[in-house]
Amino acid sequence: MSTRESAATEAASDIDVFQVDADAGSRREYRLSTHFQPIFSLAHRRPVGYEALIRGTDRDGNVYLPAELLAQAPAGVARMQLDRQCRALHVRSFRRLRDEVSWLFLNVDPHIAVQGHRFGSFAQMLGENGLSPHRVAVELIETPFDDEKRLVTAVEHYHELGCLVVIDDFGAGYSNFDRIWQLKPDIVKIDREMTRRVTVEPLARRMFTGIISVLHEAGALVCVEGVETEGEALCATEANADLLQGNYFAAPALRPPAERASNELFTRLFAEFREETVEFRNRRRIRLQPYIAALSDAVFALSAGADRASAVRALLGLECTERCYLVAADGSQIGASAESERSAAARDSRLTPIRPVTGTNWQTKPFFRRAIDAPGKVQITRPYLSATGPRLCVTLSYAMSLNGSYHVLCVDLDFAALAGKDLAFGLARAEE
């Protein structure tokens, strides 16, 4: 038996007993044990941390999950003491693993976080068990809390100790962007319900990348939890998540998996990701080819002196084209947009205030900036909400020399019609 397996077996025997008053003066007794669920780094392809999860077993052999177990303790002092007892057990069990590198993720209720000093020092408990604070990720569970200022103070205390701070279940209930701005966490965990939706709802999948990007901008690593299937793992990988957690990789257990247990899984996941990426590019190339060809023909016609209406006629006739428009080198639109006959926006009088006219300026838009920086090359945006529509569109743009200066010819394509029922086509992949 290896040293790690021996240590894991030893950790499995680390048991505490919790007692609580029951009816008729009797007491219920629960045997407490720690189960660990690995948290994997996508870049390292191995666990970099373990979330400690309490399990309680009564005399009849019934097993209680954390929320069920805490519900057995009366609110107030008894529940806080149980929470502290569980954390101390987690730390002792983790130390028995003899892992000197990984993080230990400890769940903490915000109410307990702000009153923890009443029940002894968190730092002292760590010190007594020989675990440095920098090895601990304090995970604030999603729950309503009225006094956010006190919570900010508590989080600052954990940071001062050297702990990482984690916000759990982002996107559910009170774990929202406002809490991110105030608490400045080191790690944010995406709520498992959002994880589930990304494989079945195109909108959720497109938003997923943007949400993770904003969290990165806020200075936090992002962990996608609740990953149960390869599809969910692929979505998290495509969205640039940093950490992954879920039963697809490893279920909570007394004994962590062997060090190389995930190698084959990650090899398969990355191979599938590469294959899906190549397949996506091929599908997109095939789907967009008629529009790219028609755009090139329109550019050639304009360069040869054709009038704009005749130059873009074939482009407007394609099934997903919404509009074409010409933009000067300073970003200002030249004339009105040429709308296709099927363009609903062109016939919607409610959109009159935002309809492009001569002078409407697009210099801040990626489709213009990328084209003007790379003349002679077709640029393709990812799906975005068009102010002209407003609806999701993909814009093709091409910068050319016309009358002695650069101009950019643009065509907006109806994204919904372009993607059809192809979920993968709807991914918010980086522009190429």
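Predicted model: local features only at pLDDT ≥ 70, side-chain atom pairs only at ≥ 80, totals over all residues.
Local features are taken at pLDDT of at least 70 and side-chain atom pairs at pLDDT 80 or more, while totals for chains, interfaces and linings use all residues. Residues are numbered from 1 along each chain as its sequence is written, and side-chain values use heavy atoms, with hydrogens and water left out.

View 1. Helices here are DSSP runs (H or I, at least four residues), numbered from the N terminus. Glu148, Leu151, Val152, Ala154, Val155 and Tyr158 are its buried residues (buried is under 20% relative accessible area, exposed over 50%, with a 1.4 Å probe and protein chains only). These buried residues fall within an arc of 165 degrees seen down the axis, so they line one face of helix 6 (the arc is that of the directions from the helix axis to the C-beta atoms). Turned away from that side are the exposed Lys149 and Glu160. Glycine 162 follows helix 6, with a positive phi near 110 degrees.

**View 2. Where helix 10 meets helix 11.** Look for Glu230, Ala233, Leu234, Thr237 and Glu238 of helix 10 meeting Arg268, Leu269, Glu272, Phe273 and Glu276 of helix 11 (contact means heavy atoms within 4.5 Å).

**View 3. Threonine 195 in helix 8.** Threonine 195 is buried, with a relative accessible area of 1%. Leaving aside neighbours within four places in sequence, threonine 195 touches Ile190, Val224, Glu225, Gly226, Val227 and Glu232.

Methods: Helix = DSSP H or I, 4+ residues; strand = E, 2+ residues; numbered from the N terminus.
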